[in-house]
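Subject: Handover of a structure, with findings

Dear colleague,

Please find the structure below, handed over for your use. A description of what was found in it comes after.

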Amino acid sequence: MQDAIAHIQVLTTPVQDYIGKLKKITGDRKYVVFYGCGMILNSIIESWNNYTGIKIDFLCDSNPAKWHTMIHGIQCISPDELTRIKDETAVFITTGALLEVYDFLQKRDFPSVFPIYKYDMKSSPIVCGSDISEIQKKLADTFMLLEDKRSIEVFETILQRAFKGSEQPDIMSRVMDKDQCFADVFSLGEHESFVDGGAFDGDTIRDFVSRVNGQFDHVYAFELAKENYQNLTDCVQKLPAANKIHCYNLGLYDSSEEISYFAFESDSAIGQGSARAFVDRLDTVLGDAPVTFIKLDIEGAEMHALRGAENIIQTQKPKMAVCVYHDLRHLYEVPLYLKSLVPEYKIFFRHHTMYEYETICYATI
């Protein structure tokens, strides 16, 4: 155990104040530009404003239809216009085509180009907090649980990025795997009863139904946001065996109550915003119904949902796929909690994008 702690200490020290780093980068340049005006920008821009307070001078995009328009109240310029001010500009890439854009800008000799990590902004106070030794101990405990080499690679890469502020644009792509939520760590049978927590518009359910060739016992789909829920039910009606897919306009939590939430595209964060919805415990909603597989991607409420599913997890030991990227502490809280409920669980980590999004903790017996 001491060797694991020493290893984690090396990976997590010295710590990088990510927000301080962003302020230094931008303070050295006249302009701040975000390159990419799609869904990733929409997800990042609010966090940037909340955590850094740094003015964004321009946006940039390769799509001519967006040039000279206002997006989020900021003017979008063309790549050629951006090139003319490159020596005075810090460029942050806010598109899924991270490596392609990085290469494009490097070929034009841009001196200051960086990926931007939404959740590292959020985690910066945790990384720089006074209880770092306790966090290192829990990270070491988690490290000891990891079942395979790929899990270790993912875990170590996340720590390098989050604690040391790596500027390498390909750092997460090095450990990126496909098959999100249906990783190589377990197989699916013909009698799955699948709980989709954070079902969005049915994208994961479509994938699930395809992978089992329409042969399953039940799907229980939970979606908090009303607009997403409508899209979900529309999707389900078109799927094979739709009568076995049960949709709930509910969020999964550790209590039964009405909550406020903020909805934006695919994100809906509990406890923010003016929209109202209901949450409930999975144990309460499903009772003793068979469950073989639980997926949770619920914008940071994963630990609440796990506590609300404690009985199902302990008694039925379902396969688990739980997102751990919304909160740095979930890197250890989720696997340690799952292991405490079911000591037989084997723990795996996989990562599924070039950004910090979509790191998943998998558990199976």
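The notes that follow cover the core, the cavities, the aromatic rings and some points of the backbone.

This is a predicted model, in which local features need pLDDT of at least 70 and side-chain atom pairs count only at pLDDT 80 or more, while totals for chains, interfaces and linings use all residues. Residues are numbered from 1 along each chain as its sequence is written, and side-chain values use heavy atoms, with hydrogens and water left out.

Core

A nonpolar core is here a set of buried Ala, Val, Leu, Ile, Met, Phe, Trp, Tyr and Cys residues joined through side-chain atoms within 4.5 Å. Buried means under 20% relative accessible area, exposed over 50%, and partly exposed in between (1.4 Å probe, protein chains only). The largest nonpolar core holds 131 residues, and the members that touch the most others are Trp48, Leu82, Phe92, Leu306, Ile313 and Leu338. Beyond its neighbours within four places in sequence, Leu338 is in contact (heavy atoms within 4.5 Å) with Leu306, Ile313, Met320, Val322, Tyr345, Cys361 and Ala363.

Cavities

A cavity is a set of points, on a 1 Å grid over the protein atoms alone, where a 1.4 Å probe fits but cannot get out; its lining residues have an atom within 4 Å of a point. Grid points are joined across faces, edges and corners, and a volume is the space filled by probe spheres set on the points. Two cavities of 30 Å³ or more were found in a search of the whole structure.

The largest cavity has about 90 Å³ of space. Its lining includes Tyr119, Asp120, Ser123, Ile158 and Arg161. Helices (H or I, at least four residues) and strands (E, at least two) are DSSP runs, numbered from the N terminus. α6 (118–127) and α8 (149–164) each supply at least two lining residues of the largest cavity, and α6 gives the largest share, three residues. By class, this lining has six nonpolar, two polar and four charged residues; Ala, Val, Leu, Ile, Met, Phe, Trp, Tyr, Cys and Pro count as nonpolar, Asp, Glu, Lys and Arg as charged, and the others, Gly among them, as polar.

The second largest cavity has a volume of about 60 Å³. Among the residues that line the second largest cavity are Tyr18, Lys21, Phe92 and Phe114. α2 (18–27) and β6 (113–115) are the elements that give two or more residues to this lining, with α2 giving the most, four residues.

Aromatic rings

Rings of Phe, Tyr and Trp (its six-membered ring) pair if their centres lie within 6.5 Å; planes under 30 degrees apart count as stacked, over 60 as edge-to-face and the rest as tilted. The structure holds 22 aromatic pairs. One of them is the edge-to-face pair of Phe34 and Phe92, at 6.0 Å centre to centre and 75° between the planes. Phe34 belongs to strand β1 (residues 31–35) and Phe92 to strand β5 (residues 89–93), so the pair links parts of the chain 58 residues apart. Phe34 counts as buried because its relative accessibility is 0%.

Backbone

Thr13 and Pro14 are joined by a cis peptide bond, with omega about -5°. Pro14 lies in the loop between α1 (2–12) and α2. His68, a residue other than glycine, has a positive phi near 65°. Because its relative accessibility is 52%, His68 counts as exposed.

Yours sincerely

Methods. On a 1 Å grid over the protein atoms alone, a cavity is a set of points where a 1.4 Å probe fits but cannot get out, and a pocket is an open set with protein on both sides within 12 Å along at least five of seven lines; lining residues have an atom within 4 Å of a point.
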